[in-house]
Amino acid sequence: MKMNRRSFLGTASAAGASLAAPMAFAAGHGVPHVVVVGGGPGGATVARYIAKDSKGQIAVTLIEPTRAYYTCFFSNLYLGGFRDIGSLAHSYGNLAAEGINVVHDWAVDVDRDAKAVALAGGGSVPYDKLILSPGIDFVDGAVEGWNLSAQNAMPHAYKAGSQTELLRAQILAMPQGGTFAMVAPPNPFRCPPGPYERISMVAHLLKKENPTAKILIADPKESFSKQGLFEEGWNTHYAGMIERVGPDFGGANVSVDPDAMTISIDGDVNKVDVCNVIPAMKAGRIAQIAGVTEGNWAPVNAADMSSKMDADIYVLGDASHQGDMPKSGFSANSQAKVCANAVRGALTGSTVFPAKFSNTCWSLIDTNNGVKVGATYEATAEKIAKVDGFVSSTGESDALRKATYEESVGWYAGITADMFG
Amino acid sequence: MLRHLRFTVLAAFFAGSAVLAEDAGDVTRGEAIFRQCASCHQVGAGAKNRIGPQLNGVFGRQAGSLDDFPYSEGLVRAGVDGITWDLETLDVYLENPKSLVSKTRMNFRGLADPQDRADVIAYLRSFSASPANIPEAMPTAQGTDHDIDPAILAIVGDPEYGAYLAGECTTCHQADGGADGIPSITQWPAEDFVVAMHAYKRKLRTHPVMQMMAGRLSDEEIAALAAYFKDLE
């Protein structure tokens with residue numbers, strides 16, 4: 001390329017802007033500035049839609065510590081051997097190319113008076129509108145005997161990536177006839193069918209690699225998502241392998257000892273080979289630091305996902321307390337589009353269309369045996385309220401189950417393209 | 001090199017194909033089988049490009065070569081690489097479209113039965129023989145769920161509203177027209193889009209997710225989506 005002074009200056013200032021990223025857009029500088037914290041299905045989608053649809057009228061910064069995002073959805077399929085781990089990883093390169101200022105750092109504080117987000121690496125990013133989509137953290141002390149320093153001995157694998165790889169490695173290393181235990185979480189939690197799809201995938205893997213192994217679930221809940229479908233599938237495909245202890249038999253009274261690799265259920269101590277502890281959850285910590293949580297979650301207005309505590313802060317996805325939608329990647333992606341439309345309207349005067357939300361969760365029970373549950377939602381004055389829904393039936397044909405699984409693969413391609421470009 | 005490789009692969013594919021369709025297909029039976037193609041493809045007198053290209057004169061035509069149809073890049077490339085539609089290539093394509101053209105937007109499971117393929121190919125050939133078309137032979141093929149109020153079809157959709165509503169679609173249907181497991185919905189003629197959505201809304205089409213999604217869209221909202229997706233590249 002031939003350089004002339006003008007293009008050189010242009011290049012230099014563009015590079016300067018991206019290098020000096022956090023401070024480049026001063027609030028009140030003409031172009032309004034949206035800062036998004038968290039680059040998952042909520043954050044990546046909202047950043048992308050605001051940048052794409054505002055056509056340069058809004059500057060968007062996305063703060064996300066990881067350079068490669070591993071989707072939680074489909075991570076159970078990796079455990080079962082249906083995906084490789086690399087297929088779950090997505091970079092933020094396309095978002096940067098679409099004009100989003102991607103900052104790989106931790107947001108550690110929010111100054112709501114000065115309207116700025118402080119970064120772990122130093123400096124701060126001013127905002128006109130702040131969108132928090134931090135996902136989940138675990139409630140301290142939720143499972144007696146377990147904390148984050150024990151997550152190598154007893155992985156949660158409920159934030160995908162190294163934890164998921166660790167859990168699969170531990171399952172494959174189990175002795176023949178060994179025991180896989182899961183401590184299931186109380187409501188509400190990320191991905192309601194997730195623990196039970198995971199049980200299905202672990203059973204699928206063990207049936208092949210370790211057919212005399214056992215699976216033990218301690219569950220504090222009376223019932224769970226798609227229960228009839230999962231139990232039908234377990235009876236058909238993994239007969240005699242899976243035992244679930246519900247609250248009637250002490251499934252809520254659980255402690256673990258990561259050094260001894262034991263799990264105590266209602267005083268009954270079991271020695272196990274793998275223990276997947278999925279503790280109670282709360283909004284990602286930055287939501288609490290920002291002061292927009294009430295209890296464990298961040299209450300929001302259904303029409304636009306704005307915080308009930310601060311009109312310039314929005315909370316998306318798992319971290320939000322919004323009403324009837326399950327905490328899922330699909331829900332976060334759906335909420336992100338409503339939020340993007342509302343934020344653009346607030347900052348540029350573009351048309352704000354009425355909120356519509358939807359969700360579908362697919363789960364894999366065994367090879368080519370997919371099931372799904374879904375619903376549509378609308379915004380009411382109090383909450384996001386369910387309008388209509390459906391769920392797969394027990395006794396469906398093999399062809400329909402296969403088509404449902406293939407549809408889920410299509411959905412994965414669709415939503416990741418929608419999030420990451 | 002790549003092009004050469006494609007040819008080699010294709011040749012191997014044909015050589016290895018265990019059962020080719022029988023040469024002599026049954027045109028009448030083929031017409032009946034073609035009904036499952038007719039929601040996207042027209043053939044016969046007055047056939048027009050719809051969701052898929054019209055199929056008059058398809059025999060001997062280079063793949064992806066009609067000027068006025070927005071093919072997938074994959075299909076155009078297949079044509080450039082040398083695929084011409086004839087008995088053999090149609091037989092492989094109809095058995096499993098994505099096995100021959102991996103990025104085709106034709107979302108069709110394929111016809112597993114060689115006789116079914118032979119019959120439908122025989123039917124198509126009746127519109128491709130020389131003279132190319134046989135106007136008096138067959139009525140124009142139509143979709144099966146086409147009977148909606150003309151007033152609904154006449155609604156002019158707002159593409160800006162459609163762009164917003166489309167956010168609900170693109171969680172599953174890829175905005176770039178890619179299709180793996182879930183069909184592409186880009187660049188459909190607006191009328192076909194509206195007809196399909198109303199068929200879901202009235203539960204004439206069976207997919208539960210689509211019945212639910214379409215069920216709460218107003219006539220104007222469906223028109224808006226059709227207006228948006230028809231021009232989405």
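Select chain A and colour its two domains separately: domain 1 comprises residues 18-137 + 282-354, and domain 2 comprises residues 147-279. The model on display is predicted. The centres of domain 1 of chain A and domain 2 of chain A, taken over C-alpha atoms, are separated by 31 Å.

**The boundary between the domains**

Next, select the residues through which the two domains of chain A touch. Domain 1 of chain A contributes 17 residues, which are in contact with 19 residues of domain 2 of chain A. On the domain 1 side, highlight helix α4 (residues 75-80) of chain A, which supplies the largest share, six residues. Colouring that side of domain 1 by class shows nine nonpolar, six polar and two charged residues.

**Chain A as a whole**

Chain A holds 11 helices and 24 strands. Its C-alpha trace spans about 70 × 50 × 45 Å along the principal axes. Among contacts in chain A between residues at least 6 apart in sequence, 70% join residues at least 24 apart.

**The nonpolar cores**

Which residues have the most contacts inside the largest nonpolar core? Select V315(A) and C339(A), which hold that position in a core of 153 residues. Centre the view on V315(A) and display its contacts, leaving aside its neighbours within four places in sequence: they are L132(A), A287(A), V292(A), A298(A), V300(A), M305(A), S307(A) and S320(A). Another core, of 24 residues, lies apart from the largest one; to find it, select F59(B), L75(B), V101(B) and L111(B), which are among its members. In soluble globular proteins, nonpolar side chains tend to be buried together.

**The contact between chains A and B**

Finally, display both chains and select the residues at their contact, 26 from chain A and 22 from chain B. On the chain A side, the elements giving two or more residues are α10 (329-348), β22 (356-366), β23 (369-379), β24 (384-391) and α11 (398-420). Which element gives the most to this side of chain A? Highlight α11(A), which gives the most, with 10 residues. Colour the chain A side by class to end the tour: it divides into 10 nonpolar, 10 polar and six charged residues.

Key
Residues are numbered from 1 along each chain as its sequence is written. Chains are lettered from A and ligands numbered from 1 in the order in which they are written. This is a predicted model: local features need pLDDT of at least 70, side-chain atom pairs count only at pLDDT 80 or more; totals for chains, interfaces and linings use all residues. Helices (H or I, at least four residues) and strands (E, at least two) are DSSP runs, numbered from the N terminus. Two residues are in contact if their C-beta atoms, placed from the backbone, lie within 7 Å. A nonpolar core is a set of buried Ala, Val, Leu, Ile, Met, Phe, Trp, Tyr and Cys residues joined through C-beta atoms within 7 Å. A residue is buried if 20 or more other C-beta atoms lie within 10 Å of its own, exposed if 12 or fewer, and partly exposed in between; C-beta atoms are placed from the backbone. Ala, Val, Leu, Ile, Met, Phe, Trp, Tyr, Cys and Pro count as nonpolar, Asp, Glu, Lys and Arg as charged, and the others, Gly among them, as polar. Domain bounds come from an automatic or database domain assignment.
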